[in-house]
Amino acid sequence: MEEKQKQISPFLVFFLVHSVQVGVGVLGFQRIIMKSAGNDAWIAVIAAGISINVAIMIMYLLLNKQQKDLIDIHKDLFGKWIGGFFSLIWIIYWLVIGIVVLRSYIEIVQVWVFPLINIMMFSIIILGLVYYNVTGGFRVVAGISFLGVVIPFYIFLSFLFPIEYANFRNLLPVWNHSVKELSIATKDMMLGLLGFSTLLMYYPYIKHPKKSQKWAHFGNLLTIGIYLFILIITIAFFSDKQVSKQIWATLSMWKIVELPFIERIEYIGITSWILIILPNICLSVWAASKGIQKMFHFHLNKVIPVILILLLFATVTIQGRETIDKLNQYLAIVGLGLVFIYVPILTVLSFFFTKKRKGNTGNG
Amino acid sequence: MDSRMMLFVSVLVTLPLTGCMHIEQEVIDEIQLTTAGGYEYSEDGMIEVTTVYPNYQPDKSVINETLTDTAKLSKEARDRLNLQSDKPVVSGKVEVTLYEWKTAEKGIFDFLDTLERDPSIGSSIYLGVVDGSPKELLSKQYGNQDNGIYLSNLIEQNIETGQIPKTNLHQFLYKFYADGIDPTLPVLKQEDGKVKLTGIGLFAEDKLVGQLEEEQFFTFKLLLERKGQKGSYSIKLNEDNDISIYNISSGRNFDIQKPMTNSEIIINVNLKATVSEYQDGILNKQKTTRLEKEIKELLEQDSQEMIQQFQEKGIDPLGIGDQVRSRTRNWDPKKWKELYPDLQITVKVNVDLLESGVIE
């Protein structure tokens, strides 16, 4: 456990979990899940939400038992080398989340607002902001998560405009797809929600961590609520084949909005969205650098610039829609494996292992 | 370095960087904002594109200027138009795009691709079919106003007062992509320096196949909208007696007992209206009841004829297919296309004349 003054209140876990789940994914998830589940995609969202809640429960089971972060659990269970190897996988995973989020956001800016934008400069400016936040320590990261949820919340009200053209009959007939199609959609849906695994790193920073579990569940619930809200409006607003053409269906819905003082609301939306993705990048960079610091005993403020330069390099190198899409897919598969296969196994192992050790001390 | 110094330095470093982002400036005085575009196939398969942009004069009057050129793609045509223009032509403020009748008959989806793809074009812009030449329509001056805004106001005003059903780029694409409903667009005609909305163009997918006349607008709107309002309907009752009614609220629902079979589909329409003009003396209770019955019969007859016309053409602008889809699991659009022309579709109208204005 960390020192008292570095810790955060348990309710902030609500914002930490929620903010990292809502990022660039919200802007274009509809096409991916509706490809297999069509008008029943909302069922997949609910199913994904329940699965994520189970995953959060398992994570808390592990963490409550161990009372330390993932790196230390690995060290205890597998020793320095094997444990270090597993830790490194997780660190790379978080780092790639940061890269994907930043690159996808820049892609949106490129396509929707400034086609000629200099990616390098734009990334440097965002990463400067990230540097400022992450070097401030975990409390600042938690603070930016709170602000990243509360300040841009007005954005979601703008999705009420498309209701004028919504045709809610599109939701009928319910259960028009097979269980198999729905489970594929559920899997696809979960990909955007996996960022909450950073919980494994910041658990020791929570005051009364056991009390924070309900807040983590609530955070996930709000996420599902937002996804569901946007998805139902999307289903009603677009026809089935139309939505399959929209790379960013959420942004495309904004094309219908007309306000007297601004012709295109996307410009407000996309610029506000940076507040939504900032906690995403900050938290994943923080988790990755914290991990490296604990493994190699470097000073945290020296690790962060190195990671940010890595991030910058990756962001500038990745070009084009297809590469970004591919990266997203690989990341998703790895994330799914880590959260739904690796963590449960680790939990079982940790229970088994600690019990055995207790038995040993009893005998000795 | 303490944190305050850090902040100061990072602000100092990042601020000038914003200048290096290569963000293109578009100053309003230095671009040519086109507000409307007209498309027409010329004889050799090329597209003739006409754009109109306002030229604001010092005395606050507006002169509409047009540019015309032909090309294979509409964005290519825009580049060609740039060659004729002193300022770059920008399409971010387009309000209306128009398609010539014969061009629309060949299909307009190719023209819509760029509108759908371009993030700077809103999906609430209006599309229209021109009976005549779009070039001629756009090059006329309609009052002291910019033509794009004039045409957009013309269509918008008629949607808001309930003359024609809602229409815009989004609605067209929605219906184009949907299997169970076909799109419609307003038809415009230029005569003696005035533009008039003369019809509602009926499309099969993206190809124009016919149009509804002015007299049919009211009935069409009644059948199309689940909940409707506004719009007037004038009926000739006998030789020299006419009545005009105004729609207070209307509701339409489908009664489909056995979807995807040959069984009858019933469309129930509930119309609450007031009398706005009546030429046969005093309106008393018996007369009202008789009128309700006559209007009901006329509306039913009109809608039956209209639907028959749709079935003969194999188009479904009312979205009957969509209603069937939402009642069938694993709906098969191909099978529906075969069933549709021979279906028995009955319209049942219920008319309530609630008020007769301030006099009896």
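## Hairpins, sheet and a helix crossing

In chain B, two residues lie between the strands of the β8(B)–β9(B) hairpin, and B:Asp192 takes a positive phi near 50° there. The hairpin of β9(B) and β10(B) also has two residues between its strands, with B:Glu205 at a positive phi near 55°.

This is a predicted model: local features need pLDDT of at least 70, side-chain atom pairs count only at pLDDT 80 or more, and totals for chains, interfaces and linings use all residues. Residues are numbered from 1 along each chain as its sequence is written, while chains are lettered from A and ligands numbered from 1 in the order in which they are written.

Helices (H or I, at least four residues) and strands (E, at least two) are DSSP runs, numbered from the N terminus. Two strands pair if DSSP finds at least two bridges between them.

| Strand pair | Sense | Bridges | A bridge partner pair |
|---|---|---|---|
| β8(B) (residues 184-191) and β9(B) | antiparallel | eight | B:Leu185 and B:Gly201 |
| β9(B) (residues 194-204) and β10(B) | antiparallel | five | B:Gly201 and B:Gln211 |

Both pairs belong to an open sheet of eight strands in chain B, ordered β4-β3-β2-β6-β7-β8-β9-β10, with mixed pairing. β4 (62-71) and β10 (207-212) of chain B each have a single partner strand, so one side of each is left without a neighbour in the sheet. From one strand to the next, the twist averages 35°.

Now chain A. The axes of helix α5 (residues 119-135) and helix α12 (residues 266-296) of chain A come within 10 Å and cross at roughly 55°. Axes are lines fitted to C-alpha atoms, for helices over the stretch in contact, and angles run from 0 to 180 degrees between N-to-C directions.

Contact means C-beta atoms, placed from the backbone, within 7 Å. α5(A) contributes A:Leu129, A:Val130, A:Asn133 and A:Val134. From α12(A) come A:Leu278, A:Ile281, A:Cys282, A:Val285, A:Trp286 and A:Ser289.

How values were computed:
Contact = placed C-beta atoms within 7 Å.
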